[in-house]
Amino acid sequence: MKEAILQHKNYCNSLVAYSRRKTREVHIGDIPLGAHHPIRIQSMTTVDTMDTQGSIEQCIRMIASGCEYIRITAPSIKEAQNLEAIKKGLKARGYSIPLIADIHFTPNAAELAARIVEKVRINPGNYADKKRFEEIEYTDATYEAELERIREKFSPLVHICKEYGTAMRIGTNHGSLSDRILSRYGDTPVGMVESALEFLRICDDLNYHNIVLSMKASNTQVMVQAYRLLVQKMEEEGLEPYPLHLGVTEAGEGEDGRIKSAVGIGTLLEDGLGDTVRVSLTEEPEFEAPVAKLLIDRYGQRQKHAPIADIISFSGHDPFAYQRRKTQEVGNIGGSNVPRVMADIRHWSEVKIKDLKVLAHHYLPAIDKWTMGDLGVDYIYTGQQPVSFMLPNGLKEVQDYSIWREQPDKINKIPLYTFREYLTHKEKHEQVNFISLKADAFLSETLLESVLRENDDIVMMLSTDNRHAMPALRRFFYYLMEKELTNPVLVMRSYSSMTEENMQLYTATDIGGLLIDGFGDGLLLETTLLPTSDKEVQLQWSNSYNKTAFGVLQAARTRMSKTEYISCPSCGRTLFDLQETTAMIRKRTDHLKGIKIGIMGCIVNGPGEMADADYGYVGSGKGKITLYRGKEVVKKGVASALAVDALIDIIKEDDNWLEPNPETMV
């Protein structure tokens, strides 16, 4: 038991008290990173690196938006050389922000850039290796020979960085692991970590330590597991505690991109991990820094949170691999069911049939029929204001017990009890009974264990008032696992006096972080604290809460309810307008529930970076697109004007195409 607890504490300082991981200080120009310094914000230009003036102007806009470091792609010698002109141009305008050269495939470009800018980023998957999706058999001797080859190719850059005082990020990407790593470790977090450690060990041998590390992936589960495992492995090997650069690759655009970024980045920030953040959106880069700032600002006073009960014995949870907590099925909650969504509509002054459209339940009066969209909620919580009409099949109403007990229909309506109500009242629903619990208070409730163990009809509605919310809720799940209690749990969170974007980011962090760890059988976002009595505004907020709930489930890979777009944020290598193209593809395909489509601006980012995609749309030349089925090239050199239609034809060939249903479109 003790050994298991220590294993957890290697990847983060504490599971119950907020404490940011103490790292080595890294010098990046005049803005140091790690150690006691604040979490830094950065982004990446999208203008062609050879467009000196355009790059300068974009950098200035990024600085104004909050960027503290700016990354610029340098795919070849000419772009690396032009970094000097961009740097001089910025200095002439009064800006001394540290610049980072982004390198793929070209060590000579990295070696030149390291003499010019404050930091270089190399990808161990393609700095010294090629990726042809080939499986290679290695003996220990031949693998060691490959490591020696990498050392010979990489060491010159390390020596230059030492000489010039240049920092380096060793940035592993899930989608661009080399054939060598894939052949030995597979497409896994372990492979991601080992890919970086091979380069890090060389740096350590050469006494070079001005290093930042990253473990990026589009799959948030893989990303979180890889970062945690990296920290664990560095400590096991006695390596320096290097700072971490956090980011979710190809997160996408709009609310989906923000939610997905927050699920991955926020989960790690809750663990005290992360020293610099880049939110990758398929939008202009100046829109990324404010999102990163909203995520980071939550932790300014986090160490002042209320105490959380310590973990005396270990629950058996593995933080380095996804495994959903085993639960019994209660109604349609828990067991093998997807996590459920409950909508809080207690604040609605009057519930009308047409209002349920904002929760993706649509009544069609002409044919007297209900239809449900992909984001149709499973339950509505009406509290003490029951609906006055018959709900559609598949939608259940939850009422406070004091109201439910007076209702004639005690089958289709479901009660929500306080713990004391459940203990003192004998009248129960035949199948499902919800009990509201505060995670903080009930860990010490001696009756709780016996009640949960003896009653297989209970679904817990779990909430917390602790500002360190995700760990406080997670602590309760550890308790349940330790006691081998298998009752399902719906997680409740309540937010007030904040913008819609804040609500999305906070929900994605607090609940998404639990889902990443396999905790939670559903969620409820409380809306009673909305500062408005305007019915239309209330409906708009309910619609936003509902989309956020499903968005978090999708981003955590626990319930797929819509098309997922794995789209890169664009950079100077991009061969087409990513924002326009993504919007065009989304418009044609956003009804394809559960399909993942990768949209990559250049061959550097595809097909590797879209490792999880079912289909891929990748720029391969000016006006030319290569289309993929998984990692397999299906069509090359397709004219961009015809490429979306060609992509849809491939989806149709696989029998994955559905015609959009206008009746369920909100």
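This is a predicted model: local features need pLDDT of at least 70, side-chain atom pairs count only at pLDDT 80 or more; totals for chains, interfaces and linings use all residues.
Local features were taken at pLDDT of at least 70 and side-chain atom pairs at pLDDT 80 or more, while totals for chains, interfaces and linings use all residues. Residues are numbered from 1 along each chain as its sequence is written, and side-chain values use heavy atoms, without hydrogens or water.

The largest nonpolar core holds 155 residues. Such a core is a set of buried Ala, Val, Leu, Ile, Met, Phe, Trp, Tyr and Cys residues joined through side-chain atoms within 4.5 Å. Buried means under 20% relative accessible area, exposed over 50%, and partly exposed in between, with a 1.4 Å probe and protein chains only. Ile122, Phe154, Leu157, Met168, Ile170, Leu213 and Phe476 touch the most other members. Helix H8 (residues 220–236) supplies the largest share, 9 residues. Helices (H or I, at least four residues) and strands (E, at least two) are DSSP runs, numbered from the N terminus. Beyond its neighbours within four places in sequence, Leu213 contacts residues including Ile170, Tyr227, Leu230 and Met234. Contact means heavy atoms within 4.5 Å. A second, separate core has 20 residues, among them Tyr617, Leu627, Ile650 and Trp657.

H8 also packs against helix H9 (residues 254–270). The angle is about 20°, and the axes lie 9 Å apart. Axes are lines fitted to C-alpha atoms, for helices over the stretch in contact, and angles run from 0 to 180 degrees between N-to-C directions. H8 is therefore roughly parallel to H9 (under 35 degrees; over 145 is roughly antiparallel, 65 to 115 roughly perpendicular, the rest oblique). Thr220, Met223, Val224, Tyr227 and Arg228 of H8 meet Lys260, Val263, Gly264, Ile265, Thr267 and Leu268 of H9. This contact comprises 6 nonpolar, 3 polar and 2 charged residues. Ala, Val, Leu, Ile, Met, Phe, Trp, Tyr, Cys and Pro count as nonpolar, Asp, Glu, Lys and Arg as charged, and the others, Gly among them, as polar.

Helices H16 (residues 500–510) and H18 (residues 535–555) form another pair. Their angle is about 30°, with axes 10 Å apart. H16 and H18 are thus roughly parallel. Glu500, Met503, Gln504, Thr507 and Ala508 of H16 contact Trp541, Ser544, Tyr545, Thr548 and Val552 of H18. These residues divide into 5 nonpolar, 4 polar and 1 charged.

Asn126 sits in the loop between strand E4 (119–122) and helix H5 (140–164). Asn126 is buried, at 5% relative accessible area. Leaving out residues up to four places away in sequence, Asn126 touches His104 and Phe105.
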